[in-house]
Amino acid sequence: MTGVRLENISKQFKDSTALEDVSFAVKDGEFVVILGASGSGKSTILRIIAGLEVQTRGHVYIGDMLVDEYEPRDRNIAMVFQSYALYPHLRVYDNIAFALRVRKVPREDDPDRYRRRTREEIDDRVRRAADLLGIGDTLTKKPAELSGGQRQRVALARAIVRDPELFLLDEPLSNLDAKIRSSARLELKRIHEQLKQTFVFVTHDQSEAMTLADRLVVIDHGHLLQFDTPENVLSRPANQFVASFVGSPEMMFLEGRIRAANGGFAFELDPVRISVRGARAPGPVTVGFRPWDLTVAKTAGPGAFPAVVRGIERLGSSDLLFLELQGSGAPGAPAMSGVTVRAMSRAYEYEVGDSAGVTLAPDRALFFGADGDRLDELEGAPAGP
Amino acid sequence: MMPRRRARKWLRLGRRIASHAVLIVAVVFALFPVYFIVITSFSKIPIAAITAQVLVPKVSQLTLGSYQQALSGQYPAFTSLLENSLIFAGSAAAIGMGLAAFTGFALSKFNFPGRRSLVYFILIISLFPSFLLIIPYYFMFAKLGLIDTYPGLIIPYSAGAVVFAGILVKNYMDSIPDDIEEAALMDGLSRTGAFFRVLLPLCYPVLGLAAFLAFVGPYTDYALAHVFITSSAKETLALNLYNIATTDTGASNYGVVTAFAIVMSLPIVVFYMAFQRYIIGGLTLGAVRG
Amino acid sequence: MADLRDHSVGFRFRREWPAYIYLIPTVVVLLFLNAYPIAYTIYISMTDFGTGGRGSLLNYHYIGLTNYYTAFHSGLPTTLTLLENSLFWAGGSVVLFLAVGLGLATVLNQEIRGRAVYRTLILLPWAMPAFITILVWSNMWQYDYGIINEVLATVGIKPVAWLVHADTAWTALFVTNLWLSFPFYTVVFLATMQAIPKDLYEAASIDGAGSFSRFRRITLPYLAPTIIFVGLMGFLFTFNNFYPIYLITSGGPGISTQIFITESYNKAFGSVGASPQLSTAALYSVLDFVIIVAITVVVIWRTDLTRNWLK
């Protein structure tokens, strides 16, 4: 039972950089999800922790131990592969027992010497792991005879049985049918709670990441963008990329300016005007919001975007409106025409072609600077009278 | 409407008849020599000489005499021939496989400087016809005093096996995903351990195929053995078959030749027929996947 | 403080170096039992080893390209005959293999009763060791008691002296070779055809394609990589297929069915009593190899076969 610490990890492949100065620390017993698109470097992180790849620069610590020079087998880490990588020639039982048979354990009478595990010890542990995952009836089968869900469980059992320091999981749910994927997700969470061990889990699926993670590492093009709890990643994204990558429905962005107003500052995107606390200078900013941060009314009152309903997506509990913003026509105002935003609303009040007014809840708006980073100190408030 | 449908029906029937006709011709062509060999081997020797009479044999004319003569035959004894053939072919298969397994593993799963060049080198080498190596081998082995010795034949036979079997094993290993080996590394094995405990067992089928092919080559080799074996104590089945088949005694020993041929090829035929699907798959791994 | 040491170099060495150990025996084999003998053959082809004259078994000299000069001047007719025969033998056989193999596979690929039985029976000759069946075939082509002449006699055809005339000798060779190889080609093409998705044919039928046009537009393109690969392999194999010619015609009559490889073997170890002409034998070996490599390189270069061979 240990944590993992990555310190300034960089990884160069022959003609590409996979990781650039990545650092983060996973606490003992924590479930950390590494979230990124394919090719972002997320699997490389996992493989570096495992020792299957070695970083070009930086250090990996497991617990307090520097493991840079350790072979995978000396790191006492279990890994679940995306393909499961079950040994096709072995029965399920032998797949699960494999690592137990390979690894020796310290002798009771003399901890400096090692012995093989006895048949009874192995049998006991294999059966307990199989029971935990409900695959007790498949033990005599070959992997090829199993369903996808069963294979995934065997892969998990093969990791659990070893009682490792650390679990690494490389998109273990992505090969499952959509139907069982969500139940497998819950089960994984249950197992983590039961084992109370450290899990590092890689995925490209942000809803999977949100459900599972105690904390979340968001990675893109080899750079760590944010390392925080799912709630914070969602509500306080580090930058525009994280904001648009995480959360569903996706965040929308509109570009405007911060101007001095009434002795303070305000965000202006004609006709919308939001007071901003914490701003120190005027300049261009981007405002980000999600569909539920918008209010739709039949008519565009003051401070609301005039818009036309272009589409309605009925989701059941609430519906999604696709609204095309209309330019205010005011001279010097940004050309908003043609921009489509989505808003949650009771759609039955609207039909395609209706005109409407869209208002943005000021305290929900997020502000991003020109470089894409979120301006943490800025906070929207309703405009003064 | 009606006549057209009827015409199509006749067309289909005609096509079916033509298909069967073609296939029957092919089967007759394929089986006739086999039938001829079998029937001749069971025919009485004087009758076997007049071959046309053999084709539709009477039961009273069938005999095991040819087999008796082939097996109990002349000097050298059949057992000695068989023993030599098994020693040469068996050693070549065993040595060839051992080396091919490591070669395939190294070429498929490792990424070391020079790997590509070595693969190219092996492919080009494998193009050099093994028959043409007999000439230089003869002089090299004569200098080393290896002519008419067991190692003198086992070495070239094994060398031939290593090249093609190495390619066969490499191709097969390429089809095993890397993460199987990585899972074994995570489970606590070294790369060598992962090779022996995981990859090698997965390669048993292809190694079996390669061993079989490496066995059949020397087992039926005449060209090299003819040059390298000078004493009858080391004579092989293949050499002996050649000798009795080409001895100019008219057709009177057809029965013995065919009986000998059947005894010699029976184990090979059984193996081929039992694993035919597998053997064809292994030999065309590159082709069908293409 | 950022760590500036590159950890991956030592790691990569540690993980990859065992390959060299695994490869030692094979590299030894390749060097001493392949590369060196090939070089030695090239060297012998440049000596007067057994060409008569000054050279003898114990005393031979390097004479440069003299043998090659001879082979392409005074010996040119022989060299050309061997080249022509080798190409004819390999090319003709491959054309036969592909035609018969594709034809039978197409017939077998239909829904036809007894398909599995036909397939098994056709495959039988392939299971028998070639050396053994070729010996039997060589007896079957005999003039006096050969079964082929006897069978022809029953339908009133006079016995043919198969191995005495060049045309009939080639016929005997091609028929024997076809018998040896057509099962393999049929089964390989059949397996490839069965891997073609059925809905391609259904879509084509809906578009109004007849069976010939379906064969041309779907089957053939789908089979193309297999045809090229097996065709090349078949060509290379047959170009150096020693036993049919050695055992059935011995290159005769004269050298009208002789190819490089059999002539090379004959020159080196051929006739009892005759002095071995080793430099000539080596020279034919070298020519054989050069032609094979050239053909392979061209085929691989002009198609994408490389994909299959090299990752």
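Two exercises with worked solutions follow, both on a predicted model.

**Exercise 1.** Describe the interface of chain C and chain B, going from its extent to its polar pairs and then to the make-up of the side that chain C contributes.

*Solution.* Begin with the extent: chain C brings 93 residues into the contact and chain B brings 97 residues, and the area buried between these two chains is about 8,800 Å², with 76% of that area given by carbon and sulfur atoms. Turn next to charge pairing, for which the count between chain C and chain B is 1 salt bridge. Under the rule for polar contacts, 16 residue pairs are found across the interface, both residues being at pLDDT 80 or more. On the side of chain C that touches chain B, helix H2 (residues 18–44) gives the most, with 20 residues, and the residues of that side divide into 68 nonpolar, 16 polar and 9 charged.

**Exercise 2.** Work out which strands of the open sheet in chain A stand at the edges, and which helix packs on the sheet.

*Solution.* Write down the strand order, which for this open sheet of 4 strands is E2-E1-E4-E5 with antiparallel pairing. Strand E2 (16–26) and strand E5 (65–66) of chain A each have a single partner strand, so they stand at the edges and one side of each lacks a neighbour in the sheet. For E5(A), 2 bridges join this strand to the antiparallel strand E4 (residues 57–62) of chain A, and Met65(A) is the bridge partner of Ile62(A). Finally, helix H1 (residues 42–50) of chain A packs on the sheet, where it touches E1 (4–13), E2 and E4, and its direction makes about 115° with that of E1(A).

Terms used. Residues numbered from 1 in each chain as written. Chains lettered and ligands numbered in written order. Predicted model: local features only at pLDDT ≥ 70, side-chain atom pairs only at ≥ 80, totals over all residues. Heavy atoms only, no water. Contact = heavy atoms within 4.5 Å. Buried area = accessible area lost by both parts, 1.4 Å probe. Salt bridge = Lys/Arg side-chain N within 4 Å of Asp/Glu carboxyl O. Polar contact = N/O pair within 3.5 Å; in protein donor to acceptor, adjacent residues only side chain to side chain. Nonpolar A, V, L, I, M, F, W, Y, C, P; charged D, E, K, R; others polar. Pairing = 2+ DSSP bridges. Axes fitted to C-alpha atoms, helices over the stretch in contact; angles between N-to-C directions.
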